[in-house]
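The stops below can be selected in order.

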Amino acid sequence: MLVQLTYASRTAGVLGASDVKDILAASKRNNTQIGVTGALCLSNGIFLQQLEGDKTEVNALYHRILRDERHRDPAILDFSEITQRRFGSWAMGLLSSVEENRQVFLKYSGTREFDPYAMSIASLRAFFGEVVDNVRWLGEAPDISLASRVPHIPDRQQALQAP
């Protein structure tokens with residue numbers, strides 16, 4: 001059964017650019033091996049991640065994340081069976097909350113600061129729908145891609161695993 005899980009967690013400490021790069025590289029490598037795809041957002045010390053794949057694999061991955069000391073206050077925000085993947089060719093994409101992306105983060109947030117814990121399921125789904133639509137659209141022009149706006153991640157393919 002194909003499922004989609006969306007969760008949020010707070011960072012346990014300050015993450016530097018190399019930490020984010022390491023998380024992304026490990027996610028890409030590990031997710032490819034187990035057939036999980038998805039996107040990771042990082043804003044104001046909050047991870048928001050949507051994972052999709054086989055129910056057993058997604059569940060096992062989420063339990064590994066729960067044991068990761070970089071996460072605190074984890075919460076499943078949405079979980080559903082899906083008929084197809086939204087991030088089909090992304091082992092893991094990254095959207096960082098830099099100024100250029102602020103509008104995307106705040107468009108679906110009910111507060112001044114992006115707070116996925118307070119977002120409705122409908123808002124979360126719409127947020128990720130816009131993220132994937134815009135990344136594909138912007139990805140055609142690397143000079144304006146979301147990947148180029150992620151600080152200190154020099155290689156676009158490391159930042160977004162879009163076709």
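In which strand does Asp78 lie? Select residues 71-81: this is strand β4, and Asp78 lies in it. The model is a predicted one.

Stay on Asp78 and colour by accessibility. Asp78 has a relative accessible area of 5%, so it counts as buried, the cut-off being under 20%. Now show side chains. Those of Asp78 and Arg125 are joined by a polar contact of 2.7 Å. Leaving out residues up to four places away in sequence, Asp78 touches Gln4, Leu5, Thr6, Ile121 and Arg125.

Next, select Cys41, Leu48, Phe87, Phe114, Met119, Phe127 and Phe128. These are the residues with the most contacts inside the largest nonpolar core, which has 18 residues. At least two residues of this core come from each of β2 (37-43), β3, α3 (102-107) and α4 (121-138). The largest share is that of α4, with five residues.

Then pick Leu5, Tyr7, Leu51 and Ile65. They are among the nine residues of a second, separate core.

Last, go to the largest pocket by selecting Ser27, Asn30, Leu61, Ile65 and Asp68, which lie nearest its centre among 19 lining residues. The elements giving two or more residues to this lining are α1 (17-34), β3 (46-54) and α2 (55-67). The most come from α1, which gives seven. By type, the lining has ten nonpolar, six polar and three charged residues. The space in this pocket is about 360 Å³.

Terms used: Residues numbered from 1 in each chain as written. Predicted model: local features only at pLDDT ≥ 70, side-chain atom pairs only at ≥ 80, totals over all residues. Heavy atoms only, no water. 1 Å grid on protein atoms, 1.4 Å probe; cavity = no way out; pocket = protein on both sides within 12 Å on 5 of 7 lines; lining within 4 Å. Points joined across faces, edges and corners; volume = space filled by probe spheres on them. Helix = DSSP H or I, 4+ residues; strand = E, 2+ residues; numbered from the N terminus. Nonpolar A, V, L, I, M, F, W, Y, C, P; charged D, E, K, R; others polar. Buried < 20%, exposed > 50% of the residue type's maximum accessible area, 1.4 Å probe, protein only. Polar contact = N/O pair within 3.5 Å; in protein donor to acceptor, adjacent residues only side chain to side chain. Contact = heavy atoms within 4.5 Å. Core = buried A, V, L, I, M, F, W, Y, C linked by side-chain atoms within 4.5 Å.
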